[in-house]
Amino acid sequence: MAAQILLHSPALPKLWPLVHRHLHNEVLAQTYIDQLGQRPVRHYNQPHQLADLTEEALAELYLSLARHVPAETLDPPLRSGWIGEDHCGELLRSIPSLLQAKNTPQAAHQLRRLAAQTGLWRIRHMARQTAIAAAQSLHVPVTPPQLRALAEQPNQRRWVTDEGHLLALVLEALGRFQHSLHRPNGLRIALWNRSESSAAKAEWWPCWEEDLSDILATFILQDIGGYRVVVNREVQLDRPGLSGRRTDIQIEATPPPGSGHDPIRLVIECKGCWNDTLLTALEYQLVDRYLDTPRTAGILLTGYFDCDRWAADKRRSCPATHHTLESVDQYQQQQAQMQRVLKGVPVAAFTLDCTLPPPP
């Protein structure tokens, strides 16, 4: 009964994690479906609030309930005349239409996900229509004056129109930062502390994550500042006393004319290889907390410092034992790929090799 009422409550988006968790209970989910069959969802005075759920939440609700109903409920045969009341089927069949009405790339992604898991050609067709409509609504063509300006500035031949473009631009900058660390007399020594001036005799230990974020933000500002992006550190996203969300590095670009007023954003979350949240930060901190804002991409950047130069008495415990640069990078790349598939968010992982050369 609580789940029934929640369908019509404006608080549904806020309480969705609770509802979703309970629908994973097979017995409770089946009981809920039985209730839907007995009571129409429009029994309450106000309409249901499903349209306010995110694209991912709508897809999860559909898949949670679809496991407990026969295939003909999801895709009934065409009939003429009155076919009786099917309140659960009516609710389920309304979800793809609600997704399509959102007209976003995320909605198209979730519809493709539903089509892949159900095999329903109608949903696959809706996914194609939604992807085309979303692309058309978001596309802003480059004007001739803008194209001429790009051609006249050989060092700035880049036109950022969406979060995907900004993500590619920043990943290229991170690649250049990686090169700057390891070139002869490179910057990597600036990421380490040492006990004395003699490099051969000194004890070495890594900088903290805040120092890494500061140096990286300064490099990005110098590297791609000409593309008219704004690079900020420790951006407060909520008023103090609420969630207290702050991003490590936030990069913003001005949207092209005619595409709305919201800036295009990219959030970089920086972690040292010793951080005890390294295994979960990409999903639960970067994606779930920061990428719920439209037109926002994200990068989970891991600073990998584990090397022989790191003094034994200044070691920080790492979440994985005997991990390597390759294993950390492979794990984070897999996490990013999983989030792109499940949630359709523009997210990437980058593992920065911050190690020092071995002692002579």
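# Briefing: strands, cores and salt bridges in a predicted model

Leaving aside neighbours within four places in sequence, leucine 301 is in contact (heavy atoms within 4.5 Å) with Leu174, Leu212, Leu216, Ile268, Glu269, Cys270, Lys271, Phe350 and Leu352. The model is predicted, so local features need pLDDT of at least 70 and side-chain atom pairs count only at pLDDT 80 or more, while totals for chains, interfaces and linings use all residues. Residues are numbered from 1 along each chain as its sequence is written, and side-chain values use heavy atoms, with hydrogens and water left out.

- Helices (H or I, at least four residues) and strands (E, at least two) are DSSP runs, numbered from the N terminus.
- Strand E5 (residues 264-272) runs parallel to E6 and is joined to E6 by 8 bridges; two strands pair if DSSP finds at least two bridges between them.
- Cysteine 270 has leucine 301 in E6 as its bridge partner.
- From E5 the chain passes through helix H12 (residues 281-290) to E6 in a right-handed β-α-β crossover; right-handed applies if, with the strands pointing away from the viewer, the path from the first strand over the helix to the second runs clockwise.
- Strand E7 (residues 347-353) also pairs with E6 in the parallel sense, over 7 bridges, and leucine 352 in E7 is the bridge partner of glycine 303.

**Nonpolar cores**

- A nonpolar core is a set of buried Ala, Val, Leu, Ile, Met, Phe, Trp, Tyr and Cys residues joined through side-chain atoms within 4.5 Å.
- The largest nonpolar core has 43 residues, of which Val170, Leu216, Leu266, Ile268, Leu301 and Phe305 touch the most other members.
- Two or more residues of this core come from each of H10, H11, strand E4 (246-253), E5, E6 and E7, and H10 gives the largest share, 8 residues.
- Apart from this core lies another, of 35 residues, among them Ala57, Cys88, Leu92 and Leu114.
- In soluble globular proteins, nonpolar side chains tend to be buried together.

**Salt bridges**

- A salt bridge is a side-chain nitrogen of Lys or Arg within 4 Å of a carboxyl oxygen of Asp or Glu, and by this rule the count comes to 9.
- Aspartate 223 forms a salt bridge with arginine 176, with the closest N and O atoms 2.6 Å apart.
- Aspartate 223 lies in helix H11 (residues 209-224) and arginine 176 in helix H10 (residues 163-182), so this pair ties together parts that are 47 residues apart in sequence.
- Aspartate 223 is partly exposed because its relative accessibility is 26%, and arginine 176 is partly exposed at 35%.
- Aspartate 288 and lysine 343 meet in a salt bridge through their side chains (2.7 Å, N to O).
- This pair links distant parts of the chain, with aspartate 288 in helix H12 and lysine 343 in helix H13 (residues 325-343), 55 residues apart.
- Aspartate 288 is partly exposed at 35% relative accessibility, whereas lysine 343 is buried, with a relative accessible area of 10%.
- Both aspartate 288 and lysine 343 belong to a network of salt bridges that also links Glu56 and Glu283.

**Helix H7**

- Helix H7 (residues 105-118) has 14 residues and should span 20 Å at 1.5 Å a residue, which agrees with its end C-alpha atoms being 20 Å apart; the expected span is 1.5 Å times one less than the number of residues.
- The buried residues of H7 are Ala107, Ala108, His109, Gln110, Leu111, Arg113, Leu114 and Ala115.
- Glycine 119 follows H7 and has a positive phi, near 75 degrees.

- Leucine 61 lies in helix H4 and is buried, with a relative accessible area of 4%.
- Not counting residues up to four places away in sequence, leucine 61 touches Trp16, Leu23, Leu50 and Ile95.
- Glutamine 49, in the loop between helix H3 (26-38) and helix H4 (55-66), counts as buried because its relative accessibility is 13%.

Terms used:
Buried < 20%, exposed > 50% of the residue type's maximum accessible area, 1.4 Å probe, protein only.
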